[in-house]
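Subject: The structure I promised you

Hello,

Here is the structure we talked about, ready for you to open. Have a look at it first, and then read on for my notes.

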Amino acid sequence: MKVVILAGGSGTRAYPYTDYLPKPMMPVGGKPILLRVMDLYARQGFTEFVLSVGYRKEVILDYFEGRDFGWTIDIVDTGAGTDTGGRIWGCRHLLGETFMATYADGLSDVVLDSLLAAHRRSGKLATITSVPLRSQYGTIEADEAGTISDFREKPVLRDHWINAGFFVMQKRIFDKWQGENLEREVFPNLLHGKHLAVYRHDGFFKSLDTYKDQQELEVMFADGNLPWIRRAVAA
């Protein structure tokens, strides 16, 4: 089963790294986060990758040139300015009846076989992995009189669930594909026909959106708080 990884965006929020590197090549524990995402899939038996590249594509092409990870890797240039929906659309000729897709900047301990089984049970065109929202701020607990009882550091807000990526899709989804942006156009346009399912994952998830996120992931890795990430990935 092919896994499409969206690795073509400019990642402006991760400046200054992305001034000279595409965001998927930002390091986590000495390896590009793109490689960490690929290894997440490979460890669970999914080793056929389609990398949809664009911005600073030459850095990604150079990194994979001559390296053998034991995986099948196709790299497709979908354009520097292409949006997320267009990046998957541009790879459709390489995909089978069922395929997976994800972003190049999200790490999780999601169990992919369970995700795939849930997708097949749903019978939908696509299944989106969702995780509870973690606040970027600490919160204050207080009673009605205004007396503070507790401080909660970046709590998980379990009444709110977000798109974590880690998609499973059927190829016939392209018959109904509308728009360039996956999150604001393609998926919302599929709501009317009830074509989408959700897979709720209540485990670890963190995306590398900013330079600060990269630093936090480095600390997690150094402290051994990402135990499911292998220390060594084949070079």
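Let me begin with helix α6 (residues 211-222): its 12 residues, at 1.5 Å a residue, should span 16 Å, and its end C-alpha atoms lie 17 Å apart, which agrees. The expected span of a helix is 1.5 Å times one less than its number of residues. Helices (H or I, at least four residues) and strands (E, at least two) are DSSP runs, numbered from the N terminus.

Before going further, please keep in mind that this is a predicted model, in which local features need pLDDT of at least 70, side-chain atom pairs count only at pLDDT 80 or more, and totals for chains, interfaces and linings use all residues. Residues are numbered from 1 along each chain as its sequence is written, and side-chain values use heavy atoms, with hydrogens and water left out.

Back to α6. Its buried residues are Asp213, Gln214, Leu217 and Phe221. Here buried means under 20% relative accessible area, exposed over 50%, and partly exposed in between (1.4 Å probe, protein chains only). Which elements cover the buried residues of α6? They include β2 (27-28), α1 (33-42), β7 (106-108) and β13 (205-207), where contact means heavy atoms within 4.5 Å. Just after α6 comes Gly224, with a positive phi of about 75°.

Helix α4 (residues 112-122) is also worth a look. Leu112, Leu115, Leu116, Ala118 and His119 are buried in α4. They cover an arc of only 160° around the axis, which puts them on the same side of α4; the arc is that of the directions from the helix axis to the C-beta atoms. Turned away from that buried side is a face of α4 with the exposed residues Arg120 and Arg121. Gly123 follows α4 and has a positive phi, near 70°.

Next, a pair of helices. Two packed helices are described by the angle between their axes and the distance between the axes. The axes of α1 and helix α2 (residues 57-64) come within 12 Å and cross at roughly 55°. Axes are lines fitted to C-alpha atoms, for helices over the stretch in contact, and angles run from 0 to 180 degrees between N-to-C directions. α1 and α2 are therefore oblique to each other (angles under 35 degrees count as roughly parallel, over 145 as roughly antiparallel, 65 to 115 as roughly perpendicular and the rest as oblique). Leu34, Leu35 and Met38 of α1 meet Ile60, Tyr63 and Phe64 of α2 in this contact.

Now for some strands. Strand β8 (residues 126-134) holds Pro132, which is buried at a relative accessible area of 11%. Val156 is 24 residues from Pro132 along the chain, yet their C-alpha atoms are separated by 6.4 Å. Leaving out residues up to four places away in sequence, Ser130 touches Trp161, Ile162, Ala164, Val198, Tyr199, Arg200 and His201.

Is Phe166 buried or exposed? At 1% relative accessibility, Phe166 counts as buried; it lies in strand β11 (residues 156-170) and has a positive phi of about 50° although it is not a glycine. Arg56, in the loop between β4 and α2, also has a positive phi, near 50°, and Arg56 is partly exposed at 28% relative accessibility.

Enjoy exploring!

Best wishes
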